[in-house]
Amino acid sequence: MLAGVAERDLSVEVLGLRSPVPFLLGPVGVLSIVHEEAELGVARASKATGVPLILSSAASTPLEDVAAELGGAPRWFQLYWWGDRELAGSLVDRAGAAGYGAIVVTLDTLTLGWRDRDLRNGYLPFLRGEGLAQFFSDPLFLERLEAPPEEDLQTASLTALTAFPNLALTWRDLEWLHERTELPILVKGVLTAEDARLALDHGVDGIVVSNHGGRQVDGAVAALDALVEVRDEVGPDATLLMDGGIRRASDILKAMALGADAVLLGRLYAYGLAVGGAAGVEAVIRQLAAELDLTLALAGGRSVRELDRAAVT
Ligand SMILES: Cc1cc2nc3c(=O)[nH]c(=O)nc-3n(C[C@H](O)[C@H](O)[C@H](O)COP(=O)(O)O)c2cc1C
């Protein structure tokens, strides 16, 4: 109390990526099922607010189109490392050419988890060609099809789906990715000190502590709990992000206090998109930023970067 908090700073910088707030728009795929503006709506909100977007490999919009919408606004690209290495490489090259500033490799979804409701409903939007825009805009992928997706959507979708799983991937494969791109590489989906150590030993530039919003392994440890163990392992200087369950400002402050350099939003902005397209995402961002500013002040903080474990019990 009485800490003199008239001036406050919510900004962060992560691997050269600046954000006015300590949250980024994390990779959420297939946003066409949420709103017709899909990833372009998210890009508009990102550009309007300066909060960077991490575009999903499973987006409904080609990464070049999202980059065009973003203009000069900073962005990263999330990589689902397809089982087909040449296709994955093509995606990495395209992301670099389109001005994405880092590659975030998702480790926890080398194939989709067991999702009861989707199974019950026989629901897989990829089968209808949704969320496959990176495949359908890839010259290498299109070369391999006998007929383009406009003419035979089912075969194109199945071909893409078949190229997706990659359960044989190991840490050593990161060497190939380092050779393929000069962009910083982050890995997303780390939940243990052991994996964090392996990631650093294999030259990654940053780690995202995440259990994929609880969508992959039932009963996985909560990302916020894992964050403490991971920060202890990697030390104070390593770049560490987290996501999962961020719904309001205090969630962010707790994550920052427990060792995150920034957090990612997932469902929260997807809900905004569902309700109001780009304006809905922007409303989520602005309300969360305002709530964060107020909560930081009332908790006696001047900068989100200065919070430490003493801020939580
Ligand atoms: C509908 C949906 C789609 C997602 N798609 C991706 C994706 O394409 N790539 C990825 O790395 N993570 C994906 N995620 C996981 C998010 O990036 C993030 O880890 C998770 O949503 C965080 O939890 P939260 O939704 O509680 O914020 C997805 C999550 C949801 C809910």
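**Pockets and helix packing in a predicted model**

The largest pocket has a volume of about 870 Å³. This is a predicted model, in which local features need pLDDT of at least 70 and side-chain atom pairs count only at pLDDT 80 or more, while totals for chains, interfaces and linings use all residues. Residues are numbered from 1 along each chain as its sequence is written, and side-chain values use heavy atoms, with hydrogens and water left out.

**Pockets**

- Of the 38 residues lining the largest pocket, Val28, Gly29, Arg115, His212 and Arg215 are the closest to its centre.
- A pocket here is an open set of points on a 1 Å grid over the protein atoms alone, where a 1.4 Å probe fits and protein lies on both sides within 12 Å along at least five of seven lines; lining residues have an atom within 4 Å of a point.
- Volume is the space filled by probe spheres set on the points.
- Strand 10 (262–265) and helix 12 are the elements that give two or more residues to the lining of the largest pocket, and helix 12 gives the most, with four residues.
- Helices (H or I, at least four residues) and strands (E, at least two) are DSSP runs, numbered from the N terminus.
- The lining of the largest pocket comprises 20 nonpolar, 11 polar and seven charged residues, where Ala, Val, Leu, Ile, Met, Phe, Trp, Tyr, Cys and Pro count as nonpolar, Asp, Glu, Lys and Arg as charged, and the others, Gly among them, as polar.
- The second largest pocket has a volume of about 330 Å³; among its lining residues are Trp114, Arg115, Asp116, Arg117, Gly214 and Arg215.
- Three nonpolar, three polar and six charged residues make up the lining of the second largest pocket.

**Helix 11 and helix 12**

- The axes of helix 11 (residues 249–257) and helix 12 (residues 267–298) come within 8 Å and cross at roughly 60 degrees, axes being lines fitted to C-alpha atoms over the stretch in contact, with angles from 0 to 180 degrees between N-to-C directions.
- Helix 11 is therefore oblique to helix 12; angles under 35 degrees count as roughly parallel, over 145 as roughly antiparallel, 65 to 115 as roughly perpendicular and the rest as oblique.
- The crossing of helix 11 and helix 12 is right-handed, that is, the near helix is turned clockwise from the far one by less than a right angle.
- Ala249, Ile252 and Leu253 of helix 11 make the contact (heavy atoms within 4.5 Å) with Leu288, Glu291, Leu292, Thr295 and Leu296 of helix 12.
- These contact residues divide into six nonpolar, one polar and one charged.

**Helix 1 and helix 2**

- Helix 1 (residues 38–49) and helix 2 (residues 63–70) have axes that come within 9 Å and cross at roughly 30 degrees; the two helices are therefore roughly parallel to each other.
- Their crossing is right-handed, and the contact involves Glu39, Leu40, Ala43, Arg44, Ser46 and Lys47 of helix 1 and Asp65, Val66, Glu69 and Leu70 of helix 2.
- By class, the contact of helix 1 with helix 2 has four nonpolar, one polar and five charged residues.

**Helix 9 and helix 10**

- The axes of helix 9 (residues 193–201) and helix 10 (residues 223–234) cross at roughly 40 degrees and come within 8 Å, and these helices are therefore oblique to each other.
- The crossing of helix 9 and helix 10 is right-handed.
- Ala193, Ala196, Arg197 and Leu200 in helix 9 meet Glu229, Val230, Glu233 and Val234 in helix 10, a contact with five nonpolar, no polar and three charged residues.
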